[in-house]
Amino acid sequence: MSYDLVVIGTGPGGYVCAIRAAQLGLRTAVVEKRATHGGTCLNVGCIPSKALLHASEAFEEASKHFPDLGIDVGTPKLDLKKMMSFKAEGVAGNTKGVEFLLKKNKVDTFHGTGRIAGAGRVEVLSEDGGNQMLETKNIVIATGSDVANLPGITVDEKVVVSSTGALDLDKVPKKLLVIGAGVIGLELGSVWRRLGAEVTVVEYLDRILPGMDGEVGKQFQRILAKQGMEFRLSTKVTGVEVGKKGATVTVQPAAGGEGETLQADVVLVCIGRTPYTEGLGLETVGVQKDEKGRIHVDSHFATNVTGIYAIGDVIAGPMLAHKAEDEGVAVAEILAGQSGHVNYEVIPNVVYTFPEVASVGRTEEELKKDGIAYNAGKFPFTANGRAKANGTTDGFVKVLADAQSDRVLGVHIVGADAGNLIAEVAVAMEFGASSEDIARTCHAHPTLTEAVKEAALAVSKRAIHV
């Protein structure tokens, strides 16, 4: 079987790449090791976690906040099995949707483990031991990432779980200990806290959400602590011992010192993800990787081996589904002779807790490190009419603009619906907007988006409502 392109992996990057290539007239096939398409994101990541975040948020609203709105529904009862069914329905709907789109665009699908057997050849090994050889002009590796393991700690997906196991617990743990204060740990910790677990987050660094704006991290930590989440920062986990009644976790200060033990019914290990390149045959064909195990590519996503490309979590950059999607479109267009491109300065990042955290562009720490002069404008949701009416006043919007040109360099939001609010400034930044451009754009009243406008006004110290 001969193709113009074979894509290995049908996560957000892979299936989007295949569909775009097919739209451009390339004969395209995909290879997927799972029974369903969508990769980690749709099967055991983005989609199921957001379903549980949505359901658990509704449960907490009914439990704690409905009376404030004049709604008396009594004490809500948790049916965890039904909630998990709701999650599964969302996953099935999305994965079947991808299957339909591939068929609609006439992309051939092969289920099995893909291995690059040589230049222009992909071998597909099926679970029953059979194999097929696909001939192709080009190969795109879109195999994504896997959970990172903590040395010396065994994940059994029962007591010590990864993000995958945390999405499928059969009961609410009384005590949940989360190792890692990144996006995944805070999102899944929020799910189980809302449903009744006592959640303690242990983080090696001295802050949560490393890599995001420092001020955002500090205020967000205060908000989560007020909700009941406990944090142990600058702390390292030295051991986890599983017993009949859960786990005993040994911790000590990151800088060294006397250790102590913490008890938990479930331990969630969320220390990051690693590129998934196992069994691809990269060493055989000579594809180069960097010191972090990521596939090295040039500005056109090409590896050092002619005809082999890579996108998504297996290459450098943030491990985000939408980043992989944009790269998938770009490489498909490049292979079709067009000018595919990804603007890495404008890739939003969202934490889907409540309130949400969203950012795009540079942080204050990055601007200071690079010696870039900037002006900052900040506006709190406590001064936003819609937020006050809704009772969702936690957080703020911060706009960072170049001191000379006023071009927006970064925007950081903590607050309700931040994940949607960030889209406005992402579009503005893509067009090279100044803070003045955003400030002079009419925003509907009363909306949360007015906080974005006011933060842009605040860059030049002329916010109206604060």
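Modeller: Before we start, a residue is called buried when its relative accessible area is under 20%, exposed when this area is over 50%, and partly exposed in between; everything discussed here refers to a predicted model.

Colleague: Is Glu60 buried or exposed?
Modeller: The cut-off for a buried residue is a relative accessible area under 20%. Glu60 has a relative accessible area of 12%, which falls under that cut-off, so Glu60 is buried.

Colleague: In the salt bridge between Arg115 and Glu123, which residue is buried?
Modeller: The side chains of Arg115 and Glu123 meet with an N to O distance of 2.6 Å. Arg115 has 28% relative accessibility and therefore counts as partly exposed. With a relative accessible area of 11%, the buried residue is Glu123.

Colleague: Which strands hold Arg232 and Glu260, whose side chains meet in a salt bridge?
Modeller: The side chains of Arg232 and Glu260 come together at 2.3 Å, N to O. This pair links distant parts of the chain, 28 residues apart, with Arg232 in strand S11 (residues 230-232) and Glu260 in strand S14 (residues 260-264). Glu260 is partly exposed, at a relative accessible area of 38%. The strands asked for are thus S11 and S14.

Colleague: How many salt bridges does a search of the whole structure find?
Modeller: Some of the charged residues are linked in a network of salt bridges, namely Asp213, Glu215, Glu364, Lys378 and Lys398. For the whole structure, the number of salt bridges found is 23.

Colleague: Where is Ser359 placed, and is Ser359 buried or exposed?
Modeller: Ser359 touches Met212, Ile347, Pro348, Asn349, Val411, His412 and Ile422, when residues up to four places away in sequence are not counted. Its place is in strand S19 (residues 356-361). Because its relative accessibility is 11%, Ser359 counts as buried.

Colleague: Which domain does UniProt place at residues 347-456, and how far apart do the end C-alpha atoms of that span lie?
Modeller: The unreviewed UniProt entry names the domain "Pyridine nucleotide-disulphide oxidoreductase dimerisation". In the model, residues 347-456 are 34% helix and 28% strand, and their end C-alpha atoms are separated by 19 Å.

Note on methods. Residues are numbered from 1 along each chain as its sequence is written. This is a predicted model: local features need pLDDT of at least 70, side-chain atom pairs count only at pLDDT 80 or more; totals for chains, interfaces and linings use all residues. Side-chain values use heavy atoms; hydrogens and water are left out. Helices (H or I, at least four residues) and strands (E, at least two) are DSSP runs, numbered from the N terminus. Buried means under 20% relative accessible area, exposed over 50%, partly exposed in between (1.4 Å probe, protein chains only). Contact means heavy atoms within 4.5 Å. A salt bridge is a side-chain nitrogen of Lys or Arg within 4 Å of a carboxyl oxygen of Asp or Glu. UniProt positions are given in the numbering used here, feature names are shortened, and annotations may be inferred rather than shown by experiment.
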